[in-house]
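Here is a short report on charged side-chain pairs and on a sheet. Keep the structure open while you read.

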Amino acid sequence: MKRIFAALIAGAALAASGSILIDARAARADIFVLTSDGQIQGEAVNSPDTPKDKTVIRTLAGGEITLEKKQIRQIIPQSAAELEYEKIRPTYPDTVEGQWQLAEWCRDHSLSKQRQVHLERVIALDAGHKQARAVLGYSMIDGHWIRRDDLMKERGYVLYKGKWELPQQVEIDEQRRKEDAAQRDWFATLKRWRARLDADELHEKLLATTDPTAIPAISLMLKNEPVQKIKIYLIESLIHLGTTGALKTAVSLTLDDPDEEVRWSALDLLAATKHPELTSIYIGALRSSDNTRVNRAAYCLGKLGDKSAVLALIDALQTRHKTVEGNGPPGQMSTTFGSGPGGSIGGLSINGGTQKEIKVWLQNPEVLKALDALTNADFQYNQAAWKSWYASQKKPVNVDARRGE
């Protein structure tokens, strides 16, 4: 009796297993779209004996069809949920409630396209169905239902990479994207040139470059270039490109590069361009917190010979800068933080003494030299005298219109 009972259980298990296999096989079904615009739903069951130019399809009904591969235009995979949807779809009534329920079933089974169809049907049957309208992205504007997408289009926006933007902004974004891609290409190109070309060949390539998107790559190479000659060639190529950004980079090198030859070469190349923006860039550097930089900027302004810099130079004859003052004897210096016995507040400790940061007025000799070169006047560091002289140069000449009558 026990054996019979066990056999019955085994048979039931086998039957269940078979039904599971059948269901699993049925779940694996695709839509084969034919070149003739027809469709076949089923599963490809090619065997090793199937010719390479043919496909065998087992249909949902269990039969098999052999097609030439060139007859199949597209294969659309079908999930188990999609197969189940095709079975249950006809069972839901074409009513507001029935279509809403079917849309909810589609939501639960992640069938977004099918859900869209039934939500559209709901509002076709009931134009005021708020839930369906909300899901479909509608809002009530001035008494009318309108999709957000349509509203944005009416307002002149376009969908760009998942965001609504004005066409002008899209154009800017696209231009920026293209420039970014071009800049990345230039980094690779310059790296390749530097590795393969000698200095003169590199110089020729750089001077032939007219693409401003090369500027970031050239600027980066300048920071890391150890060879003086090539560094000067890179500066020349920046100046040759002539954008404001390129000029500012070259100007910064005339002020900050530790190699004096590089600074002078860069200044000579800049001065030769007679570019109208140079004076204003150097005038900006006169306001630097670094006194060395102030004097170098003044030297460059003197070389440029632009008299429009005179007033700014007068203001820079004496500039205020931070320095450190100590009240302890010379000796080992260490930074200290906080306060306490023998310490200082944010200062420097020197053998029990302290240093503190103060601001002092410094006279700038290169500024005075530049003023002398540009004006042929000499009031030393007397800013009041310089300004009085400058004002006298700007006084209008009064002409008596009656003279000569």
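Arg177 and Glu174 form a salt bridge in this predicted model. Their closest N and O atoms are 2.9 Å apart. Both residues sit in helix H7, which spans residues 167-196. They are three residues apart, about one turn of the helix.

Arg177 has a relative accessibility of 37%, so Arg177 counts as partly exposed. Glu174 has a relative accessible area of 23%, so Glu174 is partly exposed too.

Asp256 and Arg293 meet through their side chains, at 2.8 Å from N to O. Asp256 belongs to helix H11 (residues 244-256), and Arg293 belongs to helix H14 (residues 291-304). The two residues are 37 residues apart. Asp256 is partly exposed at 40%. Arg293 is partly exposed at 22%.

Asp315 and Lys387 also make a salt bridge, at 3.2 Å from N to O. This pair spans 72 residues of the chain. Asp315 lies in helix H15 (residues 310-315), while Lys387 lies in helix H17 (residues 383-394). Asp315 has 39% relative accessibility and is partly exposed. Lys387 is partly exposed as well, with a relative accessible area of 40%.

| Salt bridge | N to O distance | Residues apart |
|---|---|---|
| Arg177 and Glu174 | 2.9 Å | three residues |
| Asp256 and Arg293 | 2.8 Å | 37 residues |
| Asp315 and Lys387 | 3.2 Å | 72 residues |

How many salt bridges does the structure hold? The count is 20. Salt bridges also link Glu104, Arg107, Asp108 and Arg115 in a network.

Now turn to the sheet. Five strands form an open sheet, in the order S4-S3-S2-S1-S5. Their pairing is antiparallel. Strand S4 (64-68) and strand S5 (72-78) are the edge strands, and each pairs on one side only. Neighbouring strands of the sheet are turned against each other by 45 degrees on average, direction ignored.

Look at one strand pair. Strand S3 (residues 54-59) is joined to S4 by five bridges, and the two strands run antiparallel. Which residue of S4 stands opposite Thr55? That residue is Leu67.

Helix H2 (residues 80-88) lies across strand S1 (29-34), strand S2 (39-44) and S5. Helix H2 runs at about 90 degrees to S5.

Key: Residues numbered from 1 in each chain as written. Predicted model: local features only at pLDDT ≥ 70, side-chain atom pairs only at ≥ 80, totals over all residues. Heavy atoms only, no water. Salt bridge = Lys/Arg side-chain N within 4 Å of Asp/Glu carboxyl O. Helix = DSSP H or I, 4+ residues; strand = E, 2+ residues; numbered from the N terminus. Buried < 20%, exposed > 50% of the residue type's maximum accessible area, 1.4 Å probe, protein only. Pairing = 2+ DSSP bridges. Axes fitted to C-alpha atoms, helices over the stretch in contact; angles between N-to-C directions. Contact = heavy atoms within 4.5 Å.
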